[in-house]
There are 2 protein chains.
Amino acid sequence: MERRQRETSLDDDEPAMVHVDASNESASYNQPPPDRDPEDDETVLDNTPPIFSKYGDFHTIDWQRDLARDRMRHKLISGKRREWPIGLFESAWDSGAGWLCVLLVGLAAGATAGTIDIAARWMSDLKNGICADRFWLDREHCCWSSNSTIYKDFDCPAWTTWPEMFNIYTKSPFYYTVDFLFYVGWAMLMAGVAVLLVKTFAPYACGSGIPEVKCILSGFVIRGYLGKWTFIIKSVSLILVTSAGLSLGKEGPMVHLACCIGNIFSYLFPKYGMNEAKKREILSASAAAGVSVAFGAPIGGVMFSLEEASYYFPLKTMWRSFFCALVAGIILRIVNPFGSDQTSLFHVDYMMKWTFFELIPFAMLGIWGGILGSIFIYLNLRWSRFRKTNPLIGRNHINEVLLVTLFTSVISYFNPYMRKNGSSLITQLFDRCGPEDFMSDLCDYQNKTASNIKVDDNYHTGSFGTGVQTAVWQLIIALIFKMVFTVFTFGIKIPCGLFIPSLAMGAISGRLLGLLMEAVTKTIQIPDGHTEWWSCQIGKDCVMPGLYAMVGAAAVLGGVTRMTVSLVVIMFELTGSLEFIVPTMVAVMFAKWVGDATHKQGVYEAHIELNGYPFLDNKGEYPYSIVASQVMRPHKGDNELCVITQDGMTLGDMEALLRETDFNGYPVVVSRSSMYLVGFCTRRDLQLALHSARKTQPYVVTASVVYFTTNVPDSTVVGGPAPLRLRKLVDLAPMTITDQMPMETVIDMFRKLGLRQVLVTKSGKALGIITKKDMLEFMRHGENYPGISNPNFQ
Amino acid sequence: MERRQRETSLDDDEPAMVHVDASNESASYNQPPPDRDPEDDETVLDNTPPIFSKYGDFHTIDWQRDLARDRMRHKLISGKRREWPIGLFESAWDSGAGWLCVLLVGLAAGATAGTIDIAARWMSDLKNGICADRFWLDREHCCWSSNSTIYKDFDCPAWTTWPEMFNIYTKSPFYYTVDFLFYVGWAMLMAGVAVLLVKTFAPYACGSGIPEVKCILSGFVIRGYLGKWTFIIKSVSLILVTSAGLSLGKEGPMVHLACCIGNIFSYLFPKYGMNEAKKREILSASAAAGVSVAFGAPIGGVMFSLEEASYYFPLKTMWRSFFCALVAGIILRIVNPFGSDQTSLFHVDYMMKWTFFELIPFAMLGIWGGILGSIFIYLNLRWSRFRKTNPLIGRNHINEVLLVTLFTSVISYFNPYMRKNGSSLITQLFDRCGPEDFMSDLCDYQNKTASNIKVDDNYHTGSFGTGVQTAVWQLIIALIFKMVFTVFTFGIKIPCGLFIPSLAMGAISGRLLGLLMEAVTKTIQIPDGHTEWWSCQIGKDCVMPGLYAMVGAAAVLGGVTRMTVSLVVIMFELTGSLEFIVPTMVAVMFAKWVGDATHKQGVYEAHIELNGYPFLDNKGEYPYSIVASQVMRPHKGDNELCVITQDGMTLGDMEALLRETDFNGYPVVVSRSSMYLVGFCTRRDLQLALHSARKTQPYVVTASVVYFTTNVPDSTVVGGPAPLRLRKLVDLAPMTITDQMPMETVIDMFRKLGLRQVLVTKSGKALGIITKKDMLEFMRHGENYPGISNPNFQ
């Protein structure tokens with residue numbers, strides 16, 4: 001966070017005018033973030049026109065004000081509707097703008113995803129070799145174009161490996177050494193280029209981006225996080241790191257990229273670009289499109305946006321998100337990066353049914369997913385904290401990436417399951433053993449080797465061959481190393497998603513359990529064919545290891561991210577069958593329960609907390625019996641509340657107040673003795689107004705009384721210096737609560753109304769203030785919150 | 001509404017203890033509903049213990065208080081967790097209760113839906129004949145069991161029509177007369193029994209129930225609306241009226257039935273049964289299960305619950321709703337009412353693709369759907385209003401039902417498409433012409449008659465035969481009469497849903513347009529086979545009239561109900577293919593736009609308004625520039641705000657206030673001169689407290705001062721009568737806003753926080769009050785609201 005803050009300027013590529021909001025609101029209340037440049041404020045003060053201010057970087061937006069502003073704008077345009085033709089056109093354009101914008105976002109997101117997929121496929125194969133005739137083809141297309149029929153995962157003559165390029169054809173140790181060196185070399189090169197790009201051009205392009213997107217959607221402002229440089233650099237480096245074979249996925253970053261697209265396009269429509277709250281409607285739709293293209297699951301994308309990403313998600317936005325996700329999905333299908341007609345990342349097509357008995361292993365997978373997820377989050381957090389505090393790593397991000405890449409590529413080279421890229425591994429594990437898997441270890445069943453090739457959909461019967469044993473060991477090793485690598489990879493300074501590694505770990509676990517189950521059922525099957533409790537047809541396998549892999553993948557992803565509905569819907573869209581929702585749902589349910597019991601937060605929430613973003617979680621329940629007066633500031637024993645009186649302070653007092661305190665706003669009261677609340681005034685407005693008064697109104701002196709009321713005494717009559725009238729600065733409708741309001745209701749108000757602060761009153765008198773930061777602090781500490789003097793109050 | 005109110009007692013079957021809420025809150029603020037019995041309050045006052053009060057019938061619940069109460073309960077149980085084993089068990093039971101409850105609801109909803117489907121099928125066929133050997137089989141199963149291979153819609157020997165029962169085998173006019181009389185007679189009998197059942201036992205069982213369910217979920221209390229009698233009577237009469245062949249569907253009532261199940265099961269779990277706000281979580285899940293079983297679309301059900309039905313829908317509830325909908329769907333599949341393995345109501349399986357050019361007719365269908373929907377709503381509303389005001393119909397509900405049934409059955413008898421029940425008609429229209437449709441008029445293509453039977457999936461090529469012309473005319477007639485009948489049917493005193501009639505009207509329109517498109521493309525197809533702009537394979541039809549029917553169905557349903565995402569998701573789950581979402585989405589989008597432009601409200605909202613339910617719509621946007629002081633009561637020129645002072649009123653004053661005013665609550669202020677707001681006290685609490693004080697505290701006399709403060713002067717010292725201490729009655733944390741708060745923010749607060757009233761203050765002084773009723777009044781009248789003296793205020 002500290003580093004990022006400094007690096008922002010590099011990426012702050014949005015046009016300056018965009019930040020100038022046409023209203024008087026400013027940044028979040030109370031203390032500015034500790035790492036904020038003090039000169040920042042000054043610059044703004046000098047360069048922007050006095051009335052217009054913008055949200056500061058790393059500040060929270062005020063939803064209610066932004067939306068109110070949009071309603072005013074809308075009213076203005078609606079009023080013009082009768083002015084034919086310009087008014088009518090403007091009105092039509094205004095109402096169509098949202099749809100047009102999400103359409104463009106959908107188109108762009110689909111095209112981007114398609115391009116990245118194609119490029120990553122080609123570059124990924126580059127580690128192994130190149131298509132001799134047509135270098136621009138990846139291995140699969142290369143082999144297709146050469147018309148040689150091959151089995152899965154085997155090389156065709158047209159595909160030239162690197163040793164072969166150097167005329168080494170015999171599979172000698174030398175051949176393998178060259179192959180190995182090329183493999184590792186390419187990986188290091190790709191990862192190195194990627195980290196250099198990120199470090200040089202767009203530091204925000206690293207990571208999965210989902211925690212930040214969540215924060216941005218909840219109303220946080222991170223300048224340049226969704227800018228065009230971030231988009232370009234993240235796209236390019238995403239291709240590079242995916243191809244480098246690191247243990248990361250491109251699905252999470254795809255959501256970030258889609259949001260970048262949404263942000264960029266929103267500037268075409270001032271309605272959205274100029275209004276942070278409205279812009280978040282477009283961003284919600286973009287997040288849906290991101291998941292839609294990542295998994296080929298439009299409905300899952302909308303559910304993801306609803307469940308995970310979005311904060312303010314009215315039904316109109318949901319409908320648009322759906323449209324956006326659908327357009328993106330359709331475009332991806334037209335681009336057709338996988339060369340098949342499937343939009344979904346791993347299309348599976350099982351013919352068999354599962355039995356109710358199998359819900360037990362599915363639930364076990366869920367429990368395992370929850371545990372594995374929690375362990376992963378715990379280790380990853382430990383390492384991330386160590387990285388943050390350790391100056392050695394802090395200074396050597398590039399070396400860290402290269403080191404991780406070196407280890408990953410060296411070890412992955414020797415394990416066929418780790419060497420594959422994540423999504424093909426998952427596809428293989430999800431799949432049933434078909435006739436085309438004839439050379440695969442995983443499908444080495446004995447009756448197959450007897451008749452060699454037996455083309456039958458359900459031919460993987462019989463007992464395991466030795467190949468399966470090899471495969472099991474390799475899978476176990478792959479699982480362990482995947483886990484270790486992912487812990488170290490998630491958080492390094494390159495784009496890295498978590499979906500694919502999590503799914504891969506889950507798929508491996510699931511496939512292993514599936515094989516075990518298969519072995520067990522074979523052993524206990526009653527020889528004479530009466531299999532009452534096991535309702536299978538005799539001679540056919542009822543256990544589908546592929547289904548177990550799928551369920552396991554969902555379980556581990558659920559354990560890591562704590563997604564629920566969206567995860568099940570995505571899995572449903574992958575399989576397209578209602579039949580397999582139940583196993584997935586059972587596993588995800590158990591993963592969520594066990595995960596929540598072992599590590600309270602999901603990985604995104606944990607990283608949000610780690611980075612200290614002010615994110616007010618909208619899921620948890622907080623059964624405290626604490627009232628507002630115990631949480632508000634000033635706490636008991638602190639100084640009294642810092643207020644402005646409506647007509648009793650001089651300009652000098654005011655300037656002293658601004659100098660001595662650093663609160664971002666002040667309640668305005670009738671008088672310091674009565675403390676009856678009138679309104680609220682933000683620090684920035686006050687600063688700008690006083691500054692401009694000093695400059696432009698020479699008769700205003702330090703002893704001038706500042707009036708926030710309408711009836712200002714005429715100074716020529718009463719004598720004394722000319723008064724300063726600042727009535728317009730005061731927000732006369734601040735959110736207020738009473739001191740006895742239960743904190744759950746206050747939390748609800750913050751969440752649902754998107755507040756930045758509330759003022760606490762008692763019988764009309766201002767008592768204190770609760771800001772979003774206080775809320776977060778309180779929710780983190782619960783009943784140990786410093787302000788709570790007596791926990792047994794109620 | 002007036003009638004219902006009186007009839008409530010019949011159906012008020014819930015145990016009395018259930019209504020006794022363990023808190024002090026009472027009913028909605030200000031005037032009680034005009035049609036409320038005045039003696040009602042008296043009864044409650046006498047019979048219930050003084051501290052416990054319940055929500056009145058037709059009153060609104062207080063979400064925040066109910067949820068706070070649940071949090072207290074939860075805290076209590078969590079605290080006991082360490083008391084092994086009872087505390088631990090209680091805690092586990094408490095956290096598992098929600099899941100168990102929705103599981104039970106899912107199971108019951110699935111089973112109910114299955115039973116109703118099977119019974120309705122059998123009884124529906126009873127109008128035509130009976131299975132001679134096994135009377136308990138419907139026609140399809142009868143013919144299956146007799147093993148005679150038949151074509152669709154043709155009778156097998158085992159199936160005996162009514163004339164055949166009387167040994168009339170020749171198809172003479174006499175045969176048809178007997179057949180006709182039996183058809184009409186059965187229909188009249190079934191509808192008559194249904195309306196008698198409804199009228200006698202459960203008046204709430206009539207209608208679709210969705211408008212009321214929406215209101216209930218938004219926090220309205222309608223006693224007995226979800227009771228067991230309503231459930232039983234609605235199930236039985238639903239079977240009867242569906243079988244009577246009326247133009248109505250059982251899908252809407254299925255949602256109502258599922259909610260009844262939810263309500264009934266929630267009483268097994270006091271956590272839900274005793275807390276109206278928590279109960280609504282279960283009801284939301286139930287609504288999802290209802291749609292899930294109605295259409296075989298679990299995700300669509302959740303989306304429906306989210307989009308249409310629910311008000312308070314946290315993510316936890318969504319996850320449970322999903323589970324509930326899924327369980328219900330699985331159970332329905334196990335019951336297997338349709339004898340196939342499909343859970344969805346109309347499973348379609350198109351092999352062909354649509355072209356982008358076809359989006360134009362799809363959009364046209366959308367426009368048509370919007371217009372048709374608006375016309376339908378307009379006519380139905382006109383008729384419903386007429387029915388409400390006309391005493392003749394008001395007294396003759398039974399005759400009305402019989403008359404509608406008579407007309408419907410007489411006319412339907414002569415039209416094969418109207419004679420079918422709704423869902424088979426829709427299935428037929430959605431379907432492509434396959435080899436099994438050989439005798440159908442709709443699939444009478446000329447090349448088929450040439451070679452008689454040509455078994456090919458795509459065999460419906462060639463030009464239309466005369467059969468198609470007949471079919472077109474019959475379909476047009478069916479469309480017109482469906483429309484007319486549905487207008488008169490929706491609203492009569494029997495269970496009647498709108499989904500199926502709307503879908504049927506849409507499917508007919510769509511199929512007609514599809515046939516037209518087919519004819520057009522055939523005419524303009526270039527003879528030499530170059531069909532550049534029409535990317536079809538030559539010799540094959542590219543226009544699928546079935547797809548048009550599906551799109552049309554979605555469009556009309558969208559026009560009538562104004563559903564968006566949920567409708568598209570339901571359609572997606574029906575077809576199971578992403579391919580056809582785009583046409584559906586385009587049509588639904590246009591239907592929504594055109595519908596909203598021609599008739600602002602959907603049919604449910606219109607009926608909610610017609611019945612005067614206090615439903616605060618959570619969708620619309622209200623771009624007013626009006627502030628709270630213009631809406632609050634007292635309006636300008638009215639009497640001043642009716643308040644209670646915290647220590648300045650005597651018991652006599654208080655009683656006079658209660659006698660003279662009928663507000664449901666009073667703000668408590670410091671003194672009448674200062675008006676600084678202290679809290680809020682409800683009428684019912686005050687009434688009960690004063691009543692009990694008079695009874696139990698003889699030293700409290702009319703001149704006793706009532707104190708709402710902690711420091712009560714000792715009467716023995718200061719003299720005078722003994723004071724009455726009522727501090728505990730005051731809610732010290734009422735929701736307050738300032739007079740300058742924009743109304744949009746106030747609307748947002750009401751919607752999102754589920755408020756019943758807010759107090760309006762200015763500089764800490766109580767100025768007025770805005771209740772939910774005022775809000776609704778304001779939203780209905782907009783800027784013409786009576787309180788707004790100066791519309792150009794801001």
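**Salt bridges in the predicted model**

At 4% relative accessibility, B:Asp774 counts as buried, because the cut-off for that class is under 20%. Bear in mind that this is a predicted model.

The partner of B:Asp774 is B:Arg633: the two form a salt bridge, with their closest N and O atoms 3.0 Å apart. B:Arg633 sits in the loop between α27 (628-631) and β3 (644-645) of chain B, and B:Asp774 in helix α32 (residues 772-781), so this pair ties together parts that are 141 residues apart in sequence. B:Arg633 has a relative accessibility of 22% and therefore counts as partly exposed.

Next, B:Glu400 and B:Arg387. Their closest N and O atoms are 2.8 Å apart, and they form a salt bridge. B:Glu400 belongs to helix α17 (residues 397-413) of chain B and B:Arg387 to helix α15 (residues 359-389), so here the parts tied together are 13 residues apart in sequence. B:Glu400 is buried at 9% relative accessibility, and B:Arg387 is buried with a relative accessible area of 7%.

Then a pair within one helix. B:Arg69 forms a salt bridge with B:Asp66, with 3.6 Å between the closest N and O atoms. Both residues lie in helix α3 (residues 63-79) of chain B, three residues apart, about one turn of the helix. B:Arg69 and B:Asp66 are both buried.

Over all chains, the count comes to 42 salt bridges.

Last, chain A. Which residues are joined into one network by salt bridges that share partners? They are A:Asp70, A:Arg73, A:Asp94, A:Lys271, A:Lys278 and A:Glu281.

Methods
Residues are numbered from 1 along each chain as its sequence is written. Chains are lettered from A and ligands numbered from 1 in the order in which they are written. This is a predicted model: local features need pLDDT of at least 70, side-chain atom pairs count only at pLDDT 80 or more; totals for chains, interfaces and linings use all residues. Side-chain values use heavy atoms; hydrogens and water are left out. A salt bridge is a side-chain nitrogen of Lys or Arg within 4 Å of a carboxyl oxygen of Asp or Glu. Helices (H or I, at least four residues) and strands (E, at least two) are DSSP runs, numbered from the N terminus. Buried means under 20% relative accessible area, exposed over 50%, partly exposed in between (1.4 Å probe, protein chains only).
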